[in-house]
Amino acid sequence: MRPSFFHHLHPPTIPAAQARWRYTLGAGGTAIFLMIILGVTGILEMFYYAPNPQDAALSVQTITYHVPLGWLVRNLHYWSAQLLLIVSAIHLLRVIFTAAYHRPRRFNYLLGLALFVLSILLDFTGYILRWDMDICWPLTTGTNLLKTIPWIGNFLFRVAIGGGEACSTALLRFYTWHIFGLTILVVILGFWHAFRVRRDGGIAVPPARLRADNTRISRNELVRREVLAVLIVGILLLLLSSFFPAPIAPAMTGKPSAVENARAPWFFLWVQQMLTWGDPFIFGVLIPLGVLALLTLIPYIFPKPNEAEIGSWFPKSNRLAQIVVSVIVILVIFLTLLSYAN
Amino acid sequence: MQTNRPLTFDFRLLLGSGLLFVVLSLAWFLDARQPDAVELIPTLTGKPEYCLTCHADLPEISASHPVETFGCVSCHGGERLALDADLAHSTMRGGANPSDLSVAEASCGGSSCHSGSEADDRHHIQRVMTSIQSTYAGAIAGIRYTFGAQTDLNAHLGIRAVTDEETKTGITSLSSFDPASEENPFVQKFGENCLTCHINAAPREGEAYARGTGCAACHSTGEHTLSTAIPYTQCNACHNRGNYDLRTMTFIERSDHPTQRIDDYYQPIGLFTRCEYTLDCVDCHTRSEVMGDGDIHKDQASIEYVQCRTCHGTLEELPLTRTLTDPNDIAFKLDFLNPVMDLKLGDTILVTEKGEPLWNIRVLPDGTYEMIGKATRQYFTFRPVMGTACEQKPDEQESHYCHECHAVEK
């Protein structure tokens with residue numbers, strides 16, 4: 001049987017070790033699937049979404065309550081976006097905890113990290129597009145954080161917001177960044193990332209001579225596994241979307257203003273928690289950027305693990321990186337939980 | 001080693017596809033279960049709203065506020081597009097009562113509605129805000145004076161701060177009464193226990209006290225109903241509930257359950273003539289007495305002015321009348337809002353000494369008067385005092401003198 005186009009996207013065969021669930025967790029592939037869902041549902045939402053302050057929240061309500069199956073489309077978009085962050089984080093941790101980030105994959109590690117940051121920004125901008133009462137605090141706090149950056153803060157604020165304060169121009173900018181600027185970057189970097197996976201010799205495994213198991217699987221089997229993953233994630237998405245609607249709040253009247261019990265979106269709660277401690281530039285900008293810088297430098301500051309250990313979980317030669325990243329993860333989770341508790 | 005397994009039957013994929021189909025069907029089922037949205041585009045706003053999806057069975061609130069014109073959101077607020085009850089109701093003004101005075105301006109106000117100019121007689125909200133029903137100024141001043149918290153009986157404080165720069169009473173403003181900042185324990189207790197009978201306050205618990213706040217305190221005479229035909233029972237929710245015991249500063253609920261209207265008044269020592277327990281309060285008392293006239297008054301007595309003689313005249317004078325020659329006369333508007341009289345140009349009606357129309361009382365050709373109850377639509381006729389055998393002295397014409405002869409023995 002002649003392979004289809006979709007089969008042709010895959011190598012004819014790959015080492016079986018590269019495609020084991022318990023090794024890859026299917027995270028990278030799942031992230032691609034979630035991005036496709038996000039693209040499709042996002043385009044559907046664009047048919048109704050109105051990016052102006054008067055109508056934005058109302059158009060979200062229209063999608064949610066009046067467009068046929070609009071609630072499902074919006075919930076799928078929302079849950080795909082949340083799962084994407086979780087799956088991307090898992091993907092990143094898998095790469096770090098299996099020491100897969102060294103040459104020749106170092107550049108692709110950086111591409112992946114950039115994709116992760118872009119996904120967070122896409123999630124945040126999408127969150128702001130709701131333009132309802134719940135987004136006031138994150139919008140004003142998030143954009144004011146930019147202002148705290150010395151020298152270029154005001155410039156960055158103007159770039160992000162467009163005006164003197166977070167108002168109508170901000171919505172249009174967030175909209176454009178969300179559906180165009182960030183999305184196109186994700187598409188370009190995403191294709192580049194996938195291309196580099198193949199160029200770099202597929203998912204990191206020890207060289208054939210050091211491999212215990214040299215079995216290979218065909219692309220038929222690979223696609224089969226991918227379809228199975230898609231089915232599982234699809235079912236999970238549909239269940240989440242059916243029973244846990246995406247958050248929605250009353251339309252904003254007037255300009256964004258602070259509200260009581262304001263809460264950042266969940267993926268920024270750890271930053272929000274730190275903001276209660278003091279200087280917003282240090283806790284809201286420097287530390288998060290420091291974490292990002294540390295993650296960026298991981299392939300450069302930690303020694304290259306033994307070739308034989310590449311592609312196995314928690315290689316001994318990579319302990320320090322595992323400990324550093326684990327501490328970061330635990331701290332972020334702890335701060336997030338602390339924020340929920342408050 | 002390469003394994004080129006041909007495409008074969010895969011149970012996992014079949015199971016996954018089956019489950020996906022089930023979950024898709026579930027989503028479809030959830031979608032089908034949603035109620036069909038009922039759209040209403042009120043002519044006043046031109047914006048669709050979907051409140052009737054759930055609230056189709058509510059009665060029309062009043063003939064003056066048809067739902068096709070006003071919709072629901074103009075008055076109630078709320079999220080007009082939401083079909084989720086929590087979200088839809090989350091921004092409603094005043095909860096279920098948009099006429100609460102904290103939100104009345106947004107709900108009922110506007111120059112074309114109830115906060116327009118005095119010249120257009122559309123300053124209802126301004127009148128209510130400064131009225132005794134809202135400020136409770138007389139009671140506050142009386143209690144504070146009695147317990148030495150102020151040296152005169154003038155009104156200085158109200159339930160909330162109000163100002164009236166164009167005052168005709170000399171009172172330009174009232175500050176907010178704050179019981180916590182009072183030093184006298186009786187005044188404090190008064191603040192704690194005795195502030196439930198102004199229209200800012202939620203009523204006491206119990207069916208007998210059931211009323212809304214703000215405009216609804218008087219005008220909401222039933223479920224989702226606004227009316228100017230206000231029966232005495234509506235007034236009773238506040239004015240017929242019991243008494244305050246000034247020694248303990250507590251409210252003593254009345255314990256009797258009267259079956260006759262004459263017994264249905266809360267002042268056991270009060271004297272009442274027949275018309276006072278036959279008619280409704282609004283048949284005699286005017287709009288400005290009840291809702292205020294736009295000025296801040298010191299107490300109830302200074303705004304209440306209708307006397308027996310307002311309708312019946314005295315031995316020497318007939319009651320004041322006005323022949324309706326202007327189609328824009330306010331009497332026509334009031335008759336339109338509560339059409340009991342079918343007034344016509346050329347009709348002669350009674351008016352008060354301040355010129356307020358008693359628009360449900362018309363002079364008959366034989367010099368007697370006909371009256372139709374605003375709430376009951378009962379038909380009455382009555383005569384003026386002039387020409388009767390009344391022996392009242394000309395300088396003793398206040399109602400309490402009339403009561404001495406005409407009060408009904410209880």
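In chain A of this predicted model, 79% of the contacts (heavy atoms within 4.5 Å) with a separation of 6 or more join residues 24 or more positions apart. Residues are numbered from 1 along each chain as its sequence is written, chains are lettered from A and ligands numbered from 1 in the order written. Side-chain values use heavy atoms, leaving out hydrogens and water, local features need pLDDT of at least 70, side-chain atom pairs count only at pLDDT 80 or more, and totals for chains, interfaces and linings use all residues.

As for the fold, chain A has 13 helices and two strands (DSSP runs: H or I of at least four residues for helices, E of at least two for strands, numbered from the N terminus). Its radius of gyration, taken over C-alpha atoms, is 21 Å, close to the 20 Å from the globule rule (2.2 Å times the number of residues to the power 0.38) for 342 residues, so chain A is as compact as a globular protein of that length. The C-alpha trace spans about 65 × 50 × 35 Å along its principal axes.

What about the inside? Buried residues (under 20% relative accessible area, 1.4 Å probe, protein chains only) make up 51% of the 342 in chain A.

Definitions and conventions
Buried < 20%, exposed > 50% of the residue type's maximum accessible area, 1.4 Å probe, protein only.
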